[in-house]
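Please read the points below with the structure open beside you. They follow an order that groups residues by the part of the model they belong to.

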Amino acid sequence: MRGITRARWAACVIAAGLLATACGGGRGVGGAGVLTSSWGDPQNPLEPANTNEVQGGKVLDMIFRGLKKYDPKTGKAQNWLAASIDTKDSQTFTVKVKDGWTFSNGEKVTARSFVDAWNYGASLRNNQKNAYFFGYIEGYDKVHPDSGPQTADTLSGLKVTGPRTFTVRLNQKFSSFPATLGYAAFAPLPRSFFTDHAAWLKKPVGNGPYLIDSYTRGSAMNLKKWGAYPGPDPARNAGVTLLVYTDNNTAYTDVLAGNLDLVDDVPSTQLKNVATDLNGRYINTPAGILQTLAFPYYDPKWNTAGARKVRTGLSMAINRKQITETIFRSTRTPATDWTSPVLGAAGGYQAGLCGHACDYDPAQAKKLIQEGGGFPGGRLTITYNADTGSHKQWVDAVCNSVNNALGNDKACVGNPVGTFADFRNQIGRHKMTGPFRAGWQMDYPLIQDFLQPLYYTGASSNDGRWSNKRFDHLVDRANAETDTARAIALFQQAEGVVRDNMAAIPLWYQNGSAGYTARLSHVALNPFSVPVYNEIKVG
Amino acid sequence: MGRYVTRRLLQMIPVFIGSTLLIFLMVNVMGDPIAGLCGERACDPATAAQLKREFGLDKPLWQQYATYMGNLFTGDFGTAFNGQKVTELMGTAFPVTIRLTIVAILFEIVIGVTLGVLTGLRRGRPVDTGVLLGTLVVISVPTFVTGLLLQLLLGVQWGWIRPSVSAYATFGELIVPGLVLASVSLAYVTRLTRTSIAENKRADYVRTAIAKGLPRHRVVVRHLLRNSLIPVVTFIGADIGALMGGAIVTERIFNIHGVGFQLYQGILRQNTQTVVGFVTVLVLVFLVANLLVDLLYAVLDPRIRYA
């Protein structure tokens, strides 16, 4: 009978396992007036100066309001918590904070809430990934040196001059500085952030139209409307539940089944059905994202006069219209400049600036590439990361287009890299031998943000190490210009330099896409392709 | 028996060290994880250097491995890039995957063994041919096809289930994903049981049992099935580990935040601590499951004894 007792014992173990794991239960989803929306697990802890991707940014957008806010339709920076931001010389700014604003825990928003937050964000000790946003402020090199230990704890350019006023002194002239202050990294922080950091991270407290009700990392966040929100843009719904999805296909299926109200990234495989599936509840609007091909200028072969011709020829060999229509189903628009349509003509967007160089002209392309001495190394490889973003399809299409233009099936090949981390790693170590995929999502809707970080000598995202004295000079002059219109004109001249050298090949402007259920109305995406949650009405 | 268990436990140590070292090397070969942390733009060098120091990535690999193993014995699996303790991630992920695995194993045992016995006893009859064809279809269709199809039909078209599983992942919600996860193994269990039963049906001890006049169900359950289950138990035992580690596809389709989800995110973000930590635990699960299988032999067949 030993066998039987053992079998019984085994059964008991299994039963115990069942009981032990059967905990939990019930659904955490919404309630009346609450909408559910798809979400991705934020990569970094949720701190304003440490969030550099859309998913974390989405939450910051709901729970924080800064000195400025970008209009969800036009992208224009408007004063929000700032009563005024004045300057005489484009280098020293006096900021006055409006009265009556509080954090959702009741604490008043003062000048100190900003200054402390910015000092925290800039300090090397705190490992904030957006620290370079404070790089224009005087004393940044002491607080965040390129190497070695920091020699100061606070930025010398920041001074609190009254309960609700402070001054900012920059280390260079930068006339559009106030317009950058709508970026989440510049958000104010309450005292509890500094006094009990761990607790704050578990449940962040801000001053926006929503407050965080509960947060289960990696799976869900419940945000509810903050009733006492003092701002002019209160939430028009009772709350938002963000649910983490690993795969946006599943999120889309959930929207079809009515289990989820909003998916803010319609998977490309579903684009052909989305209009009928959702009966018009589909949004596809331009966002401030430009995709380009960047070049390794540290490789001398790419840094010659001939190579410039080759780059222009390459640009003409790409059939942008066909690729955006067939592969992206018109969720991308062929690019004709190096900025984005969301800036608007007044903001510096100039349709057609690229001119004939961005038109598909296979005959001219072949001629130019041959005149320029052909592709350096005899063959073109386009490097991309294969793990996310379905880059393989369009890189292959671009190569096909180039091969057709040149009448040679082996002229261009894609070079996939397994992970995004490795792709960034190879770029960072200057290992590229040919063009590589580059995507730029704007931080703030300014023409400056599309040019300076990418093409200025030694700039943070100038991955190809392009350098041009005339471009740098024009950018410096534009930044020093106090008149906005003249500054933009100078930036456009600088963009002309980028065009004449074909420093990077513009491919297409990316749209934001979203689908939603019939429960919702007034759904829109802002220029950052994030849903304007507080405007959405439920039921 | 006691000595046998001790020897098996000691054998686990080199296997454990070897497999963790391998996975540690593999994750590190993929390049510098910090490079991907800052998004499309490069991390500024000072922050990158400091992050590396904080995660211990600036040290030589052997030293990283030694530190990691040292910490492991104090129960410290390190910190993921999003600031969460890996043990915390495990605390949320493993219960979910264990529940999913239990559902899958139950399906394998209940459906697989039952079908196996039915077909084994009726070899060559229409039932047998039908089930064999069915298992062939199940084996040849990839899991993600079965998963997406069931999700679309049951979840969207007919509305019987939610297409995705909620954060709580209760047993009820896991029935369909569990069935999808179990499907291929279930077919193998059916076939294994069938063959084994069919073989033993003609054995002497079965004939003796029938000749003794025992009731049919007693012959089948106590004599025939018990002796036929040994290969099946081996398969199911080894399958426990495979199901837990291999749930990536199923978990992704049904948005289940279990081990597969964490591993997928960890690999995508090249998060060494998460990947190595989870794989370490999975290795342990494999080893323990195999040990339990070997011990179960003695229960099923008293002739098998371990000195």
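**Notes on the model**

1. R465(A) counts as partly exposed, because its relative accessibility is 36% (buried means under 20% relative accessible area, exposed over 50%, and partly exposed in between, with a 1.4 Å probe and protein chains only). R465(A) sits in the loop between α16 and α17 (469-480) of chain A; helices (H or I, at least four residues) and strands (E, at least two) are DSSP runs, numbered from the N terminus. The phi of R465(A) is positive, near 55°, in a residue other than glycine.

2. This is a predicted model, in which local features need pLDDT of at least 70, side-chain atom pairs count only at pLDDT 80 or more, and totals for chains, interfaces and linings use all residues. Residues are numbered from 1 along each chain as its sequence is written, chains are lettered from A and ligands numbered from 1 in the order in which they are written, and side-chain values use heavy atoms, with hydrogens and water left out.

3. Most residues other than glycine have a negative phi. H430(A) is not a glycine, yet its phi is positive, about 55°. The loop that holds H430(A) runs between α15 and β16 of chain A. H430(A) is partly exposed, with a relative accessible area of 35%.

4. Is D443(A) buried or exposed? It is buried, at 8% relative accessible area. D443(A) belongs to the loop between β16 and α16 of chain A. Leaving out residues up to four places away in sequence, D443(A) touches F133(A), Y183(A), D449(A), F528(A) and R41(B), where contact means heavy atoms within 4.5 Å.

5. Helix α14 (residues 391-406) of chain A has 16 residues. From its first C-alpha to its last it reaches 23 Å, close to the 22 Å expected at 1.5 Å a residue (the expected span is 1.5 Å times one less than the number of residues). Among the buried residues of α14(A) are W394(A), V395(A), V398(A), V402(A) and L406(A). After α14(A) comes G407(A), with a positive phi near 65°.

6. How many cavities of 30 Å³ or more does a search of the whole structure find? The search finds five. A cavity is a set of points, on a 1 Å grid over the protein atoms alone, where a 1.4 Å probe fits but cannot get out, and lining residues have an atom within 4 Å of a point. Grid points are joined across faces, edges and corners, and a volume is the space filled by probe spheres set on the points.

7. The largest cavity holds about 280 Å³ of space. It is lined by 25 residues, and the closest to its centre are T292(A), A294(A), A438(A), L454(A) and S461(A). Two or more lining residues come from each of β12 (282-294), α15 (420-428), β16 (436-441) and α16 (447-455) of chain A. β16(A) gives the largest share, five residues. The lining has 16 nonpolar, five polar and four charged residues (Ala, Val, Leu, Ile, Met, Phe, Trp, Tyr, Cys and Pro count as nonpolar, Asp, Glu, Lys and Arg as charged, and the others, Gly among them, as polar).

8. The second largest cavity has a volume of about 130 Å³. Residues that line it include D41(A), Q43(A), F81(B), Q262(B) and R269(B). Helix α11 (residues 259-268) of chain B gives the largest share of this lining, three residues. By class, the lining has three nonpolar, seven polar and two charged residues.

9. G258(B) lies in the loop between α10 (248-253) and α11 of chain B. G258(B) is buried, with a relative accessible area of 0%. Apart from neighbours within four places in sequence, G258(B) is in contact with A93(B), V96(B), T97(B) and E251(B).

10. Chain B has 12 helices and zero strands. Of its 307 residues, 50% are buried. The domain assignment, which is automatic or from a database, gives domain 1 (1-74) and domain 2 (86-300) in chain B. The centres of these domains, taken over C-alpha atoms, are 31 Å apart. In chain B, 21 residues of domain 1 are in contact with 17 residues of domain 2.

Terms used:
On a 1 Å grid over the protein atoms alone, a cavity is a set of points where a 1.4 Å probe fits but cannot get out, and a pocket is an open set with protein on both sides within 12 Å along at least five of seven lines; lining residues have an atom within 4 Å of a point.
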